[in-house]
Amino acid sequence: MTDNHTDCIPGPLDQMPARLETLLHIEKVGKEFPMNDGSTFVALKDFSLEIQNIKDKPQIVSLLGPSGSGKTTALRIIAGLDKPTSGCVLITNGEGQHLRPVRVGDVGVVFQRYPLFEDLNVLHNLIDPAVRSGMNKDEAKEKALRLLDEFDLVKQGLAWPLQLSGGQRQRVAILQQLMLDRHFIILDEPFSGLDPVNILNVIKLISNIAHQHTLNTFLIITHDVTSALIISDHLYLLGRERDKQGEPIQGSKVMKVYDLIAEGLAYRSDVEDLPRFVEIRKEIRLVEFPKL
Amino acid sequence: METSATSVATPPTNDSGYPLREMVRVYGAVGGFARSHIVIGWIVLFLLVWFFNPIKAMPYPSEVLRAFQRMWNAPGSSGLVYNVYVTLKLNIVGVLISSVLSLLISYLAVIPLFQPFNKFIQWLRYIPIVGFNLVFLTLFAIGWPMKVAMLTTGMSFFLVTSMTSVIASIPRMKYELARVLGYNDWHVFYSVVVRPTLPAMIDMIAQNAAMGWVMITAIETFNRTEGGIGSQIYAYTSTNQLAEVYAYLLIIGVIAVIEDGLLSLIKRVLFPYSLVAERA
Ligand SMILES: Nc1ncnc2c1ncn2[C@@H]1O[C@H](COP(=O)(O)OP(=O)(O)OP(=O)(O)O)[C@@H](O)[C@H]1O
Ligand SMILES: [Mg+2]
């Protein structure tokens, strides 16, 4: 355990953190869908991505891409919910473990539409999965109450999911995944539909949780450039290549990678004021994103 | 039902200023008070139509009332109380057994091995149950056992169809949520398939109870030894005592409404979340 306040220091790092073993290895994943007109749609092609364990730090990686670029498709494959048409996803399940093909349940997922168990109240939406995964009942209840308190949901503990606001529902969905002590969590569009204050809250929330354990890895799927730059240590741009006429070619892949540790933009709370931050944001917004 | 004269001057706040207009608007906002008036209005209309109906084959309310008196005073197995009791018992036992059986068959449909069996049961609802009279006769003793068997079998064909459609409409997202949370097959079965569909299952039982009444009267016509409303209706029809027939039909209607209310009460008490509407 490391204290999260010392991790987010305002100022440059003394030294570059060392990169250790690979935690997630995605190799040349392709995904095709049969279309309603009988043709085949290539959503992903040669999609590769690698997340390495960074010494004494958690890993927060963003996958950035425009709508329809295949982010959710990639998430479903990484979570083991869908099989790729080609390629593979390998993952380590815990400290010092070997890479092995991903299985459903290895990775925590906060879905784009925040599904919850509608027939359970908020508290039991948190307790039930934890207890089923083997946690002691009292321990689960204690943890759930603590998390609800931490994330301003105490009053909602006995509410049904349908009675929650959009933002409350999102937080419950995130907490539900956090109950299970997972080291790997993917979030699909965690910033969409939130006001600026709540976007910052979610950024803080994710970063705090991430820093509670250096083995924690968060993969954030988003099209919010600023938030992605603030929170991540690596940023992957997902998009399609173009042919000579400038027409996009089917099949998204990683078009560009930003190593924000090397850029000096990772693990800093004052990152938004840095000239390099502003520069990269501009580059992504005005140059890279329109090309995707 | 709330009825107070003062309410007329001060309508409940959830009534709009023009309750009459709200009554004919799409999703008009009428409060409980206005709603009760609407119901009363319909009952009055029904009674008026009944009083002044030109159809000869329909006895007037006064005749039905006298029929009630005669049936109430009739001795033993030809009396009202006895026959209602016989049929009500059959109805309750039939609904209970067929509900349990149908839930079992429907829930098992999430397991591929049992799907053809489920489909077969659904298909059987097209086959008139009375066609199997002889089969039931050889398997069950005539009277109570045979009646229960026919009713539960016949109702189950319909219940399984409705219940299976409830299961088919479970959003895939819920299943994926459970899998991502590491749920095993049994956890998924309970948390995604069974538990969240129970309120809808109660609705299906309520819907199919009506089908049960149609079957009961038919079944009791073939198994008249014990009596019951069905056998009484059969007897009174053959002697052209239409007032008695209508009296029994009225009783069936009242019992059905009470049972419906009970089921919806059970649903509200056991599954309060099912009352919260989904918002866009
Ligand atoms: N089951 C499917 N059948 C056919 N096409 C699909 C299917 N799922 C996804 N697609 C297509 O794949 C492409 C990528 O979809 P995906 O949902 O992954 O996009 P996304 O990047 O998550 O977009 P958004 O930001 O809008 O959520 C889209 O063109 C979509 O129409
Ligand atoms: Mg998406």
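Buried means under 20% relative accessible area, exposed means over 50%, and partly exposed lies in between, all with a 1.4 Å probe and protein chains only. By that scale A:Asp181 counts as exposed, because its relative accessible area is 55%. This is a predicted model, in which local features need pLDDT of at least 70 and side-chain atom pairs count only at pLDDT 80 or more, whereas totals for chains, interfaces and linings use all residues. Residues are numbered from 1 along each chain as its sequence is written, chains are lettered from A and ligands numbered from 1 in the order in which they are written, and side-chain values use heavy atoms, with hydrogens and water left out.

**Chain B overall**

- The secondary structure of chain B consists of 13 helices and zero strands, where helices are DSSP runs of H or I with at least four residues and strands are runs of E with at least two, numbered from the N terminus.
- The C-alpha trace of chain B spans about 65 × 65 × 30 Å along its principal axes, and 40% of the 280 residues of chain B count as buried.
- Taking contact to mean heavy atoms within 4.5 Å, 69% of the contacts in chain B between residues at least 6 apart in sequence join residues at least 24 apart.
- Chain B is assigned a domain 1 (1-52) and a domain 2 (61-279), with bounds that come from an automatic or database domain assignment, and the C-alpha centres of these two domains of chain B lie 32 Å apart.

**A helix pair in chain B**

- Helix H6 (residues 115-123) and helix H8 (residues 144-168) of chain B have axes that come within 7 Å and cross at roughly 125 degrees; axes are lines fitted to C-alpha atoms, for helices over the stretch in contact, and angles run from 0 to 180 degrees between N-to-C directions.
- H6(B) is therefore oblique to H8(B), since angles under 35 degrees count as roughly parallel, over 145 as roughly antiparallel, 65 to 115 as roughly perpendicular and the rest as oblique.
- The contact is formed by B:Asn118, B:Ile121 and B:Gln122 from H6(B), together with B:Ser156, B:Phe157, B:Val160, B:Thr161 and B:Thr164 from H8(B).
- Sorted by class, the contact of H6(B) with H8(B) holds three nonpolar, five polar and no charged residues, with Ala, Val, Leu, Ile, Met, Phe, Trp, Tyr, Cys and Pro counted as nonpolar, Asp, Glu, Lys and Arg as charged, and the others, Gly among them, as polar.

- Helix H3 (residues 122-132) of chain A is mostly covered, with eight of its eleven residues buried, among them A:Leu123, A:Leu126 and A:Ile127.
- The buried residues of H3(A) pack against helix H4 (137-150) and helix H5 (166-178) of chain A, and just after H3(A), A:Gly134 takes a positive phi of about 110 degrees.
- A:Arg76, which lies in helix H2 (residues 71-78) of chain A, counts as buried because its relative accessibility is 16%.
- Leaving aside residues up to four places away in sequence, A:Arg76 touches A:Leu81, A:Asp82 and B:Glu176.

- Most residues other than glycine have a negative phi.
- A:Lys28, found in strand S1 (residues 19-34) of chain A, has a positive phi near 45 degrees.
- A:Asp181, in the loop between H5 and strand S7 (184-188) of chain A, has a positive phi of about 55 degrees although it is not a glycine.
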